[in-house]
Amino acid sequence: MTTEKVSTVKNLEANEPKKKSFFRGGAMTFLSKLAKSLMVPIAILPFAALINRLGALMETGFVAGQVQQYDPVWWIGRILQIPGAVIFDNLALFFALGLGFGLADDHRGEAGLAAAVAFLGVVAITGPDGLAQLFYSKVNTYDQASVDQLTQSIVNATGGIPIFNITNPDGFLAQGFVDKDGNALDPFYAKNVFDFFNGKSQLLYFVNGWNLTPLYSPSKTLAHGSLVGFYLIPDVGYSLDVGVFGGVVAGGTTAYLYNKYREVNIPQSLSFFGGRRFVPMLAIISVWFLGLGFAAVWPWVQLGLVSFGSVVASAGNDVARTAGFGAYAFINKLTQPLGLHHIINTFLWFQLPVTGVSLLDAQNYINSGFDTSMLPTNQVIFGDITAFQDGIMGSGTFQSGFFPLYMGGLPGAALAMTLAAPKENRKEIGVFLASVGSVAFLTGIDEPIVFTFVFLSPILYFLNAMFTAFFGMIVTASHISLGFGFSAGLIDYLISAPQAWQMSQLSWNGTEWVHASTIYQIFANPLMIFVWAGAMFATFFGSFYFIITKMDIETPGREKEGSNKVSIAGPVKKTKGKEKYEIMAQSVLDVIGKENIKEITNCTTRLRLVVKDNKAKNIDDAKLKDAGFNSVIRVGATSLQLVVGTDVEYVTNALERKMK
């Protein structure tokens, strides 16, 4: 995947007003710029996900227990995984850096540096013994009922065997109890379980794990005595985490300060601290205000998110998970034309809390013969992509359902549009659509093919969203757990399939993880993706071909003479490489006008321009399409998005050279 490429072009007209507001150009222009900036940190994920997943597989073995710690294979996997894991462990910081850089008017590194300062400051000031602790140390604290509720799940999992609280050496636990091997246990001196929670707010502290040790009776009638209870020592940790949202807020705030104050003048004696050097100081000051806001509000938001995530993004809530993906996928595809789906994706993929146990813990528990002393511990992981990378059971809720679309549905749409074209155009159109269809199939980048039809027909636009949601809900209901580093193409499928297969062997019975039934394993097997991809291919092909031909929709190759709608390259259709990109760049200057262009950027597939006026009468969309652009999108009054494909960076480079 190409990384963000930016260039700022200064307008030399003396009478142009200076930009005074970060939001200039309207809300839609700002949201479009935000969505584009979110792609900066996301660009580092594909390779990080690849080495993280391969390393994890080598470190743990394809089946738990195959690889022992410190074996040669373990070391190779460990070394391979660490660089990728670092990316996912520090995602919030990378989002702060990316937003600070991406939203700055001139895209200078100083803005990213200041954003990192602000974010790290917010993390520190909202951490243990910070402002949140000051506000909430006596608010919504744990009581005996809430602690009993936390321990009840373990009581249920152990078959109702009581959990003992040890208060003193003369209490319930005394000499005479034995472990599972019959060895005598010394008196255990521990706090009452409630004491671990006493004085701690439920807004700030979660249970990170349980130390569960079984107690056996010294009865002589049984080989090892009878199980009578457990020690239960909780690991209660400070868990307030501003996460990726904190990174986005810190980056956006710093970018605003940078844009407004990067040219500030201060007295000569202090001039060293003027200009761009003034911004880091403002970033430090902003920590107090951002930290105050997060400390006051975020504990309640996080509590709500954890509750929401435990319903829609965790195992055991099939109806909520299925409906949640359906609603998300439908909205995702409806907002895609303006690029606003990246905002929704960022929340679900990197911020939404996912609660569950790790695959390795569940496997170890089952392989131990359901030894209750090895009960896996629920973890709260922020973000569905991060949760899958960490091997959390039930993760992939907001990822798995997209694989049939890219690997089946969109290639079916490409074939339908090819066969719907007149015979004399079919070969030329087929080459083009096969190319963009292959990109979707392999990488999950669908914009080049989607933009060949979404602006031509509201029906096709709606069907794309509806079919994505419908088939994705089937995948989610089938318990297929797949993940990706960037998008749901074949490459990411192959990377995540081994872990997905392991997850398909286990199921949640309402109390604990057990070996899945044969029927469950069949439907949850990641190979079923190809079945649903085939069904989606047939559905897209049949419906698109019927609607295109019956309603005479002017998809590529079906344009009527004089209709001024051209969807594939005209002058550049027989050119390749540098010549093609030079022609496309020149067409931008000819059609839009050099004097009208204020800023040039690109994301994964789109050339993004900030212009004085994107509704100028002389901007002829048909000429741009004829030059090779797949689609032209106007956002607000000052933004233009020209859809190119994954080779967009070459067009950007050519345009920059011509602007200079």
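Where is D129 found? Select D129 and have a look: the residue sits in the loop between α5 (109–125) and α6. Keep in mind as you click around that this is a predicted model.

**Stop 1**

With D129 still selected, check the backbone. Its phi is near 60°, a positive value in a residue other than glycine. Most residues other than glycine have a negative phi. Is D129 buried or exposed? D129 counts as exposed because its relative accessibility is 73%, and the cut-off for that class is over 50%.

**Stop 2: V139 and N140**

Move along to the loop between α6 (131–136) and α7, where you'll find V139. N140 is in that loop between α6 and α7 too. Take N140 to begin with: here is another positive phi, about 55°, although N140 is not a glycine. N140 has a relative accessible area of 32%, so it's partly exposed.

Now V139. At 29% relative accessibility, V139 also counts as partly exposed. Show what surrounds V139: leaving out residues up to four places away in sequence, it touches S201, L203 and W300. Then draw a distance from V139 to Q202. The two are 63 residues apart in sequence, yet their C-alphas are 8.2 Å apart in space.

**Stop 3: zoom out**

Colour by secondary structure and you get 24 helices and 12 strands in the protein chain. Of its 660 residues, 54% are buried. Among contacts between residues at least 6 apart in sequence, 75% join residues at least 24 apart.

**Stop 4: the cores**

Next, select F95, F350, F398, L410 and F544. In the largest nonpolar core, which has 82 residues, these touch the most other members. The element giving the most to this core is α15, with 10 residues.

Centre on F398 and show its contacts. Which residues does F398 contact, leaving aside its neighbours within four places in sequence? They are V312, A313, G324, F325, Y328, L348, W349, L352 and D384. There's also a second, separate core of 51 residues; V147, A283, L290 and I366 are among its members.

**Stop 5: helix α18**

Select residues 458–477. That's α18, a helix of 20 residues. From first C-alpha to last it reaches 29 Å, close to the 28 Å expected at 1.5 Å a residue.

Which residues of α18 are buried? Colour L460, L463, N464, A465, F467, T468, A469, F471, G472, V475 and T476. An α-helix has 3.6 residues a turn, so residues three or four places apart point the same way. To see what covers the buried residues of α18, bring up α11 (318–335), α15 (403–420) and α21 (528–550), which are included in that cover.

**Stop 6: the largest pocket**

The largest pocket has a volume of about 1,600 Å³. It is lined by 44 residues, and the closest to its centre are L150, S153, V207, T355 and N378. Select those five to find the middle of the pocket.

Then pick out the elements around it: α7 (144–157), β3 (205–216), α10 (278–312), β5 (353–356) and β6 (379–382) each supply at least two residues of the lining. Colour the lining by class and you'll get 21 nonpolar, 21 polar and two charged residues.

**Stop 7: the cavities**

How many cavities of 30 Å³ or more does the structure hold? There are four. Of its 23 lining residues, H341, H342, G444, F486 and S487 lie nearest the centre. The helices α1 (27–42), α11 and α12 (341–350) each supply at least two residues of the lining, and the largest share, four residues, comes from α12. By class, the lining divides into 11 nonpolar, nine polar and three charged residues.

Key: Residues are numbered from 1 along each chain as its sequence is written. This is a predicted model: local features need pLDDT of at least 70, side-chain atom pairs count only at pLDDT 80 or more; totals for chains, interfaces and linings use all residues. Side-chain values use heavy atoms; hydrogens and water are left out. The expected span of a helix is 1.5 Å times one less than its number of residues. Buried means under 20% relative accessible area, exposed over 50%, partly exposed in between (1.4 Å probe, protein chains only). Contact means heavy atoms within 4.5 Å. A nonpolar core is a set of buried Ala, Val, Leu, Ile, Met, Phe, Trp, Tyr and Cys residues joined through side-chain atoms within 4.5 Å. On a 1 Å grid over the protein atoms alone, a cavity is a set of points where a 1.4 Å probe fits but cannot get out, and a pocket is an open set with protein on both sides within 12 Å along at least five of seven lines; lining residues have an atom within 4 Å of a point. Grid points are joined across faces, edges and corners, and a volume is the space filled by probe spheres set on the points. Ala, Val, Leu, Ile, Met, Phe, Trp, Tyr, Cys and Pro count as nonpolar, Asp, Glu, Lys and Arg as charged, and the others, Gly among them, as polar.
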